[in-house]
Amino acid sequence: MSTTLHTFDTGAALAEGLADAVSAALAAGIAARGTASIAVSGGSTPKAFFQALAQKDIAWDKVTVTLVDERFVPPESDRSNHALVTANLLHGPAAKAHFLPLYHAAASAEDAAVLASNETAKIGVPFDVVVLGMGTDGHTASFFPGGTQLSRAIDAATPRGVITMEAEGAGEPRLTFTFSSLHDARLLVLHIEGEGKKVVLAKAEGQGDEAEMPIRTMLRRAASPLQIYWAP
Ligand SMILES: O=C(O)[C@H](O)[C@@H](O)[C@H](O)[C@H](O)COP(=O)(O)O
């Protein structure tokens, strides 16, 4: 519904600024409820942010980390978001965090989605923090234009949990939290970098179908204010 743009001069400054905001939100969650939760995205953008966040001095043993979405690939794959998070976030002070993967070594992505939904249902709702990314096609999470289950994923009436998604631009089958799981995070962030993504964001903020640019679901219908973090 409402968006706030946080602009930084460099990616490094953004990584620190976002790590400050996210660690403060996690610490507030721990103070209020004893535990806190965060769902993060993969892709190339979040690496520096993960490394900055990992160094923050909070009670990481009380934090559950999971993924907004994942490829249906094992953690040994270099396409795995689990691997990205292990390498960049779950070390230093943050090594004490509890990580819940979405990928499971099941016979199908559908079976893995059921297992991931069951496992992550143990996390209190809403998430304390959700950090979304955005592709140049306007996707966020694994809400891809033309995705096999896009309408289900973005329907506010679809329950919280993890479902599968396949799409031309997505490569492997994906596992993704639904819109209803993500949009009401206590701190809802969209992390994008580069002039190209700013152009994509401006287009998404204009008129048009949500299905053409699924980031519009968050821009238009998220229950929480969307905090947009951008650097050139
Ligand atoms: O790749 C993933 O794991 C996420 O599904 C995806 O939503 C990502 O956040 C965007 O595609 C942006 O990716 P880049 O940061 O690589 O541009």
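Val129 and Val130 touch the most other members of the largest nonpolar core, which comprises 69 residues. Helix α1, formed by residues 11-33, gives the most to this core, with 6 residues. The structure described here is a predicted model. In soluble globular proteins, nonpolar side chains tend to be buried together. Valine 130 illustrates the contacts within this protein: setting aside residues up to four places away in sequence, Valine 130 touches Ala39, Val68, Leu182, Ala185, Leu188 and Val189.

Just after α1, glycine 34 takes a positive phi of about 90 degrees.

Helix α4 covers residues 109-120, and at 1.5 Å a residue its 12 residues should span 16 Å; the end C-alpha atoms are 16 Å apart, which agrees. Ala109, Ala112, Ala113, Ala116 and Thr120 are the buried residues of α4. Seen down the helix axis, the buried residues of α4 fall within an arc of 105 degrees, so they line one face of the helix. The spacing follows a general rule: an α-helix has 3.6 residues a turn, so residues three or four places apart point the same way.

Threonine 164 lies in strand β7. Because 23 other C-beta atoms lie within 10 Å, threonine 164 is buried. Residues up to four places away in sequence aside, threonine 164 touches Ala109, Glu110, Ala113, Gln149, Pro173, Arg174 and Leu175. Of these contacts, Ala109 and Ala113 are among the buried residues of α4. By contrast, the C-alpha atoms of threonine 164 and glycine 208, which are 44 residues apart along the chain, are separated by 25 Å.

Finally, the surroundings of the ligand may be considered. The ligand is surrounded by 14 residues, of which Gly42, Gly43, Thr45, Gly133 and Gly135 are the closest. By class, this shell has 11 polar, 2 nonpolar and 1 charged residues.

Key: Residues are numbered from 1 along each chain as its sequence is written. This is a predicted model: local features need pLDDT of at least 70, side-chain atom pairs count only at pLDDT 80 or more; totals for chains, interfaces and linings use all residues. Helices (H or I, at least four residues) and strands (E, at least two) are DSSP runs, numbered from the N terminus. The expected span of a helix is 1.5 Å times one less than its number of residues. A residue is buried if 20 or more other C-beta atoms lie within 10 Å of its own, exposed if 12 or fewer, and partly exposed in between; C-beta atoms are placed from the backbone. The arc is that of the directions from the helix axis to the C-beta atoms. A residue is near a molecule or strand if its C-beta atom, placed from the backbone, lies within 6 Å of it. Ala, Val, Leu, Ile, Met, Phe, Trp, Tyr, Cys and Pro count as nonpolar, Asp, Glu, Lys and Arg as charged, and the others, Gly among them, as polar. A nonpolar core is a set of buried Ala, Val, Leu, Ile, Met, Phe, Trp, Tyr and Cys residues joined through C-beta atoms within 7 Å. Two residues are in contact if their C-beta atoms, placed from the backbone, lie within 7 Å.
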